[in-house]
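Got a minute to go through how the labels on this model were assigned? Let's take them one by one and check each against its definition.

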Amino acid sequence: MALTNNSNGTVLVIFGATGNLVQNKLLPAIYHLLKGNLVPEKFEIIFVSRNPDVTKESILKKIDDEPMRKGQQNIQEVTDLFKNRSRVLTLDSENPEDFFLLKNVLQEIDRKNGEKLNHLYYLAVPPSIFKSVITCLANAGLNKESGNISQRILVEKPFGTNLASAKDLVGFIKKYFKENQVYRIDHYLAKETAQNLLTFRFSNPLIEGIWNRQFVDYIQITAAEEVDIEGRAVFYEGMGALRDLIQSHLLQLMALTMMDVPQPMKAKDLHKEKLLLLKSVKPIKKRHVNEIAIRGQYAGYRDEVKNAHSNIETYAAVHLTVNNSRWGGVPILLRTGKALKEKTTEITLVFKDRTRRKITPNMLTIRIQPNEGIGIRLLAKKPGLKNELEPVDMDFCYETSFKDIQPDAYERVLVDAITGDQSLFATSDEVIRCWKILQPILSAWEKDNKHLYEYDKGTWGPAKATAFAKTHGCEWLMNTSHVCEIHHLGGIV
Ligand code: BG6
């Protein structure tokens, strides 16, 4: 049964069809949705490219790749379906005239289907041409909704590069598209475990009862990547770790972890609570930046980007606090880095030690990826005649608890945008607030090339980061080991 049967038919228009994102994330996601019959009955795709040599076959070459088809039965059927439902349109995203060609194609599709379809414009294009695509869409009248026919845009991050540019972009888009037409993707929010975070918190009174400053000592959110910048020198030189991961994904995960229960659990209420939490983050004073943030760069980065003076960070860690009655005084550490020891995204709450024995404290870890799961570290009496305590781990792993294959985040993103559910997308207010929280750090780092610490690839970042965490009464947790047996049982390092 098609998940979106109730929704109108949809035309997905993909700008930037030959880019990495489309090839690596979007095509596999569409393939799986088609295979699972999870799109509306009337569903068509237009790949937009400025290059006249681009063909449907060259774009769809990816779906013949082995990994995507692993263990699948009706490959040919789905591949044919994909091909039959898509077409390529050569169009210059900066030429308003060309958008009338798009309008004609969309009208032709409507005629063929005997009804008007919804339009979903996916902007997988560099931020430098966002504005042009939006203006050209509006100029051709492709932003106008009528009756229950929607015109939505799906925008990838980065949404601006600092507070001023994000505000400018929000203001600009607002002139042409209403907030409920704009879907700002934060694919971390669409990861299965991130979604489960809310269910886990709000459906288990056992958990919700200890989710506050009385019990929690500190919170740590890590998004470590094993990969380096993967040759994306131009992109990364204008970005850095703080903008790339912390401004978006990690602040969003922090908001989901710490916000109050939305009442009811509708998209609007969820966003309201998230925004309240983000607004309660204690503002960072410029003069305190070096105390509450640290950054590093992996050895060899400057050669890789051919910029001997680059002070772009590939590692960043930030200490924040929240001014509200639930969390006041609880340190929150966020960190991310490229070329680190292993790929892992996890949220850990470390609980206060009531034993006064300086033994491993209770911890609760939500592993977002890989090997998704939730683990709790408790203390138990070690068997024997002595009264000794030992940490023990309990976890639940998606792989063993749920046999079904989890949908990829981009499958979720597409289905929600097609059905018009904005819960897992970032609102303009949230995006601006996230920039506002970090702007003092961005401004200070722009002018400072002294406090940038080198680290070797394959480590957990600059050595100084250990002292940084200690200053804030925390330790970096590498051992959230108890979650689905990925890590060694190494303890705190
Ligand atoms: C993106 C960043 O948002 O997330 C990339 O721009 C990063 O630099 C990627 O590699 C990580 O995503 P995931 O889903 O692989 O953790």
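**Labels and the numbers behind them**

Q: Why is Asn104 called partly exposed?
A: Its relative accessible area is 43%. Buried means under 20% relative accessible area, exposed means over 50%, and partly exposed is in between, with a 1.4 Å probe and protein chains only. Asn104 sits in helix α5, residues 98-113.

Q: What kind of model is this, and what gets counted?
A: It's a predicted model, where local features need pLDDT of at least 70, side-chain atom pairs count only at pLDDT 80 or more, and totals for chains, interfaces and linings use all residues. Residues are numbered from 1 along each chain as its sequence is written, and side-chain values use heavy atoms, with hydrogens and water left out.

Q: What makes Cys136 and Cys434 buried?
A: Cys136 has 4% relative accessibility, so it counts as buried. Cys434 has a relative accessible area of 2%, so that residue is buried too.

Q: How many disulfides are there by the rule?
A: A disulfide is a pair of cysteine sulfur atoms within 2.5 Å, and the count comes to 0.

Q: What makes α8 mostly covered?
A: In α8, 9 of the 12 residues are buried, including Leu197, Leu198, Phe200 and Phe202.

Q: Where does α17 bend, and by how much?
A: At Leu438, by about 50°, with Pro440 following within four residues. The bend is the angle between axes fitted to the seven residues ending there and the seven starting there. Helix α17 is mostly covered, with 15 of its 20 residues buried.

Q: Why are β3 and β15 called edge strands?
A: The open sheet of 7 strands runs β3-β2-β1-β4-β5-β6-β15, with mixed pairing. β3 (86-90) and β15 (425-426) each have a single partner strand, so one side of each is left without a neighbour in the sheet.

Q: What makes β4 and β5 a pair?
A: Two strands pair if DSSP finds at least two bridges between them. Here 5 bridges join β4 to β5, which run parallel, so they pair.

Notes: Helices (H or I, at least four residues) and strands (E, at least two) are DSSP runs, numbered from the N terminus.
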